[in-house]
Amino acid sequence: ISNDGKLIAYTIYGANSGKYAKAVTHIYDVQTGKDTTVPTEGLLVSDGSYSIRFSPDNAYLSIVGNYAADTHKSGMELQIISMSTNDVTRQIDSKNPQQIITGYGWAGNHTMIYSTNSSSTGIYAPTQAKYYSLDASTGKTFTFPQSGTAKLVNILNYRQSQ
């Protein structure tokens, strides 16, 4: 649910030609009743609302999830959707199944902080974690130094799950 309570973002899972799971993201406007389909790759969001978040000013929607089976890809993805155009404006691909997006949160109106982890086993390995910031409006990224950044991502995740 958006911070002003006017929009609801949700994902519907279904079958595509009866063969593969397909995920479709929607934005529902509570005031008008309009339900808009967002043209994304259809990410499978494993833990519901925790993986779909509006930016603090409601200008962007972020989605983190696994590629849906109908895309025939593996790995994870972070998508940033502009609420003014309903288009994906930024996309971070993690096509290696062993590289996962381990945490993310909005640190400001247009600033996303996220972390990735890559290991040969696909299991979280603290020594392999990397931390980034992404400006949703410009696409500029910044890689944080390794020490102490995990606490920042954990705080953002805790604050936004409340």
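**Around the aromatic pairs**

Mentor: Let's come in from a loop: Asn 58 is found between strand S5 (52–54) and strand S6 (60–67). Bear in mind that this is a predicted model. Asn 58 has a positive phi of about 65° even though it is not a glycine. For background, most residues other than glycine have a negative phi. Asn 58 is also buried, because its relative accessible area of 13% falls under the 20% cut-off. Another loop has something to compare: Asn 86, between strand S7 (76–82) and strand S8 (87–94), has a positive phi of about 60° and is not a glycine either.

Now to the rings. There are two aromatic pairs in the structure. Take Tyr 60 and Trp 106: their ring centres are 6.3 Å apart and their planes are at 25°, so this pair counts as stacked. Since Tyr 60 lies in strand S6 and Trp 106 in strand S9, the pair ties together parts that are 46 residues apart in sequence. Both Tyr 60 and Trp 106 are buried. The other pair is Tyr 114 with Tyr 132, also stacked, at 5.0 Å centre to centre with 25° between the planes. Here the link runs from strand S10 (Tyr 114) to strand S11 (Tyr 132), 18 residues apart. Tyr 114 and Tyr 132 are both buried too.

What surrounds these rings? The largest nonpolar core has 13 residues, and Trp 106 and Tyr 114 are among those touching the most other members, along with Leu 78, Ile 80, Tyr 104, Met 112 and Leu 134. S6, S7, strand S9 (99–106), S10 and strand S11 (129–135) each give two or more residues to this core, with the largest share, three residues, coming from S9. A second, separate core has 10 residues, including Leu 7, Val 38, Ile 52 and Ile 81.

Last stop is Thr 111, in strand S10 (residues 111–118). Thr 111 is partly exposed, with a relative accessible area of 30%. Apart from neighbours within four places in sequence, Thr 111 is in contact with Gly 105, Trp 106, Ser 133 and Leu 134, which brings us back to two of the core residues, Trp 106 and Leu 134.

Terms used
Residues numbered from 1 in each chain as written. Predicted model: local features only at pLDDT ≥ 70, side-chain atom pairs only at ≥ 80, totals over all residues. Heavy atoms only, no water. Helix = DSSP H or I, 4+ residues; strand = E, 2+ residues; numbered from the N terminus. Buried < 20%, exposed > 50% of the residue type's maximum accessible area, 1.4 Å probe, protein only. Contact = heavy atoms within 4.5 Å. Core = buried A, V, L, I, M, F, W, Y, C linked by side-chain atoms within 4.5 Å. Phe/Tyr/Trp six-rings, centres within 6.5 Å; stacked < 30°, edge-to-face > 60°.
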